[in-house]
Amino acid sequence: MVNFFRKPLFDTPAWGLLIPLIAVGVFLIMMGNELSGFGLTLVSIALISAVLMSVHHAEVIALRVGEPFGTLILALAVTVIEVSLIVTLMLSGGEAISALARDTVFATVMIVCNGVIGLCLLLGAWRHRVLVFRVDGTTPTLSVLAVLSTLVLVLPTFTSSTAGATLTNTQLIFTGVVALLLYFVFVFVLTIRHREYFLPPENIVVNEVPDVEPHPRPSVLSAVVSLVFLLVSLIAVVGLAKTLAPAIEAGVNAISAPMAVVGVMIAMLVLL
C-alpha cells in the first residue's frame, strides 16, 4: 500500500487518481441526502479536494502543451469550476441569490489584483530581492482585465434604462459581444501575434542564482490520463457543489450575512 502511493502511475502520483474518484464516490453517496455534521464536513473536504485536483491535472496538461497555451488551459479549467459553482448555487437559491455571478466575479477581481498579485510581489521580493517580469506581457493582460471589469461591473451602475445595477437585453448583447471580441483579440495576441511577450524570460539570473528552475515535461500518456481525471474532477466539483448548496444558503441566512458573502466564498475556493 505504501509503495502504491509513492510510485507514480503514468508519471502521475496515485493520489492524483484516487482523490477525484473518491470525490465522485462521496457525491454519489451523499446525493439527495440532507447534510449535517459529519456529512457536511465530508462533502466540504471532498469539494475542496476536487477543486485542487482539477487545477493539478490542468497544470499537468499545461506543462505538456507549453506556454502560453498552458495558461489558457489553466484559465479554462478555473473558469469551468467557477461557473459551475455559480450556476449550481443560483439554480438552487432562486431570486434571492440572483446577483451571485456579479458578486463572485467582483470578489475574484479584487482578490486577484489586491491579494494574489500583492502576495506574489511581497514573497517574490522577500526571496529574490529583485523580481524580473515582462512588462510587454503584463501590460496588455492588466489592460484587458481593467476594460472587462469596467464593462461588466461598473457600467451597469451608470445605466438608466433599467432599475438598479442591471442592463437591458440589448445592452447585455452589446456587452457580451464586446467582451468576446476583446478576449478573442487578447488570445490572438497571446498565442500568435506577440506570443513572445508572454513567455518567461530566459536565462534570468538574480543574485547569481537561476530564477526559474526547469520543470520536467510530462509524457503524452500522463497528459491524456490527466485530461480524463480533469473531467472526473470537474464532474465531482459540480455534483458536490449542488449537494452543498442548500447548506451554504442556510448557513448564510443563519448568521444574517448578505448573499454577497457566498460570492466571496466561491472566489476564495476557486483561487485556492
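This is a predicted model: local features need pLDDT of at least 70, side-chain atom pairs count only at pLDDT 80 or more; totals for chains, interfaces and linings use all residues.

Residues are numbered from 1 along each chain as its sequence is written, and side-chain values use heavy atoms, with hydrogens and water left out.

**Entry 1: overall layout**

I found nine helices and two strands. Helices (H or I, at least four residues) and strands (E, at least two) are DSSP runs, numbered from the N terminus. Read from the N terminus, the order is α-α-α-α-α-α-α-β-β-α-α. Of the 272 residues, 33% count as buried.

**Entry 2: the salt bridge**

How many salt bridges does a search of the whole structure find? I got one, taking a salt bridge as a side-chain nitrogen of Lys or Arg within 4 Å of a carboxyl oxygen of Asp or Glu. It joins the side chains of R102 and D103, at 3.7 Å from N to O. Side chains of opposite charge can pair when their charged atoms come close. I then checked burial: D103 is buried at 18% relative accessible area, whereas R102 is partly exposed at 39%.

**Entry 3: the core**

I looked next at the largest nonpolar core, which has 36 residues. Such a core is a set of buried Ala, Val, Leu, Ile, Met, Phe, Trp, Tyr and Cys residues joined through side-chain atoms within 4.5 Å. L47, L85, L240, V262 and I266 have the most contacts inside this core. Two or more residues each come from α2 (14–30), α3 (38–65), α4 (69–93), α8 (220–254) and α9. The largest share, eleven residues, is from α8.

I followed up on α9 (residues 260–270), whose buried residues are V262, G263, I266, A267, L269 and V270. They lie on the same side of α9, because they cover an arc of only 165 degrees around the axis; the arc is that of the directions from the helix axis to the C-beta atoms.

L190 is in helix α7 (residues 169–193) and is buried at 5% relative accessibility. Leaving aside neighbours within four places in sequence, L190 is in contact (heavy atoms within 4.5 Å) with P68, L72, R195 and F198. The C-alpha atoms of L190 and E67 are 9.6 Å apart, although 123 residues separate them along the chain.

L151 sits in helix α6 and is also buried, at 13%. Not counting residues up to four places away in sequence, L151 touches P156, T175, V178 and A179. For T175, 24 residues along the chain from L151, I noted a C-alpha separation of 6.9 Å.

Definitions and conventions:
Buried means under 20% relative accessible area, exposed over 50%, partly exposed in between (1.4 Å probe, protein chains only).
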